[in-house]
Amino acid sequence: MTSRAPARWVGALVVGSAVAVDPGGLAPFGPARWWVVSTIGFAAAGLALWRGDRPLHRRSTIAWGVLLTFVLVGALVNGDVPTALVGHPERHLGLITWVLFALVSAAGQQLDSDRARTTLARAATGALAVIGVWSLWELAFGPPIELSAATDRLTGPYGSAAFLGAAVCLLAPMAIGRAAAPTTPPAERIVSAIVAVLGTIALVGSGARAAWVAAVVTGVVVAIRRRPTRRTGLALGAGLAMALVIVAPRLADVTDRSAGATSRLDEWTVAARVIAEHPLVGA
């Protein structure tokens with residue numbers, strides 16, 4: 001990959017997925033973000049694949065083909081074909097979104113240079129900075145955009161605690177990587193470290209248990225595989241401690257749940273029954 005343009009477009013996709021909000025909209029956190037993600041996503045994927053010369057990973061490409069075939073068949077035999085094809089704003093993906101995922105996955109394989117990885121890491125750090133500042137403001141003064149849902153958990157620029165936790169899990173490792181990399185300019189290392197702390201505050205304040213588990217598991221795997229220096233380990237521990245201290249006054253609210261764990265088990269039970277009745281093409 002000789003041009004930085006594809007990496008910049010994918011970087012714009014990363015930033016857009018965090019900052020695209022419509023404060024005056026009926027649904028401030030959904031339509032505007034999907035418009036940005038879908039528009040930039042297809043453009044970035046197309047440019048990366050057009051400019052790229054790296055062969056696609058064979059097994060993952062076959063896996064994507066099989067998955068998309070099943071999703072297409074399931075969409076066509078579904079009782080609501082239009083929704084199955086284009087999706088529904090309330091967390092239900094359509095075929096078009098899965099096609100976008102496949103294209104972005106293929107495009108990412110073309111961004112294999114150090115320059116491209118640096119561009120993406122900087123974009124992730126910028127997106128996390130927006131998320132972190134938003135979440136810190138929400139923690140101190142309340143949400144910038146009022147939500148109809150009654151929750152004390154941080155929701156960030158997503159309007160969802162679960163989405164906030166998931167976003168931090170994706171973006172924070174890249175910010176931490178920029179802060180820890182010896183080749184990163186000193187000023188950028190400081191900024192990346194501050195952003196990583198802000199992201200940790202957002203992660204803790206989201207109260208997203210799945211995101212907490214993911215972050216812990218990822219940290220253990222990285223520690224085993226990469227064996228970070230003691231200085232890096234102490235810095236990460238200090239950042240986590242700082243985040244816990246800042247969120248501590250609200251920690252009881254963050255961890256409170258209106259429904260217990262049995263409600264999630266009930267959901268999985270119903271889902272298992274649906275899968276058993278429609279095992280091949282879904283419902």
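**Note on the predicted model: a serine contact, aromatic pairs and a pocket**

1. The side chain of Ser38 has a polar atom 3.2 Å from the backbone oxygen of Trp35. A polar contact is a pair of N or O atoms within 3.5 Å; within protein, one must be able to donate a hydrogen and the other to accept it, and residues adjacent in sequence count only if both atoms are side-chain atoms. Ser38 is part of helix α2 and is buried at 15% relative accessibility (buried is under 20% relative accessible area, exposed over 50%, partly exposed in between, with a 1.4 Å probe and protein chains only).

2. This is a predicted model, in which local features need pLDDT of at least 70 and side-chain atom pairs count only at pLDDT 80 or more, while totals for chains, interfaces and linings use all residues. Residues are numbered from 1 along each chain as its sequence is written, and side-chain values use heavy atoms, with hydrogens and water left out.

3. The whole structure holds 3 aromatic pairs (rings of Phe, Tyr and Trp, the last by its six-membered ring, with centres within 6.5 Å; planes under 30 degrees apart are stacked, over 60 edge-to-face, the rest tilted). One of them is edge-to-face, because the rings of Phe29 and Trp134 have centres 6.4 Å apart and planes at 70°. Phe29 sits in the loop between α1 (5–19) and α2 (31–51) and Trp134 in helix α6 (residues 114–141), so this pair ties together parts 105 residues apart in sequence. Phe29 is buried at 13% relative accessibility, and Trp134 is buried at 17%.

4. Trp137 and Phe141 form a tilted pair, 4.5 Å centre to centre with 50° between the planes. Both lie in helix α6, 4 residues apart, or about one turn of the helix. Trp137 is partly exposed at 47% relative accessibility, whereas Phe141 is exposed at 62%.

5. Helix α6 has 28 residues and spans 40 Å from first to last C-alpha, close to the 40 Å expected at 1.5 Å a residue. Gly142 follows α6 and has a positive phi, near 105°.

6. The second largest pocket has a volume of about 1,700 Å³. It has 42 lining residues, of which Pro173, Ile176, Gly177, Thr232 and Leu236 are the closest to its centre. Two or more lining residues come from each of α7 (161–180), α8 (186–206), α9 (209–226) and α10 (230–247). The lining divides into 28 nonpolar, 10 polar and 4 charged residues.

Conventions. On a 1 Å grid over the protein atoms alone, a cavity is a set of points where a 1.4 Å probe fits but cannot get out, and a pocket is an open set with protein on both sides within 12 Å along at least five of seven lines; lining residues have an atom within 4 Å of a point. Grid points are joined across faces, edges and corners, and a volume is the space filled by probe spheres set on the points. Ala, Val, Leu, Ile, Met, Phe, Trp, Tyr, Cys and Pro count as nonpolar, Asp, Glu, Lys and Arg as charged, and the others, Gly among them, as polar. The expected span of a helix is 1.5 Å times one less than its number of residues.
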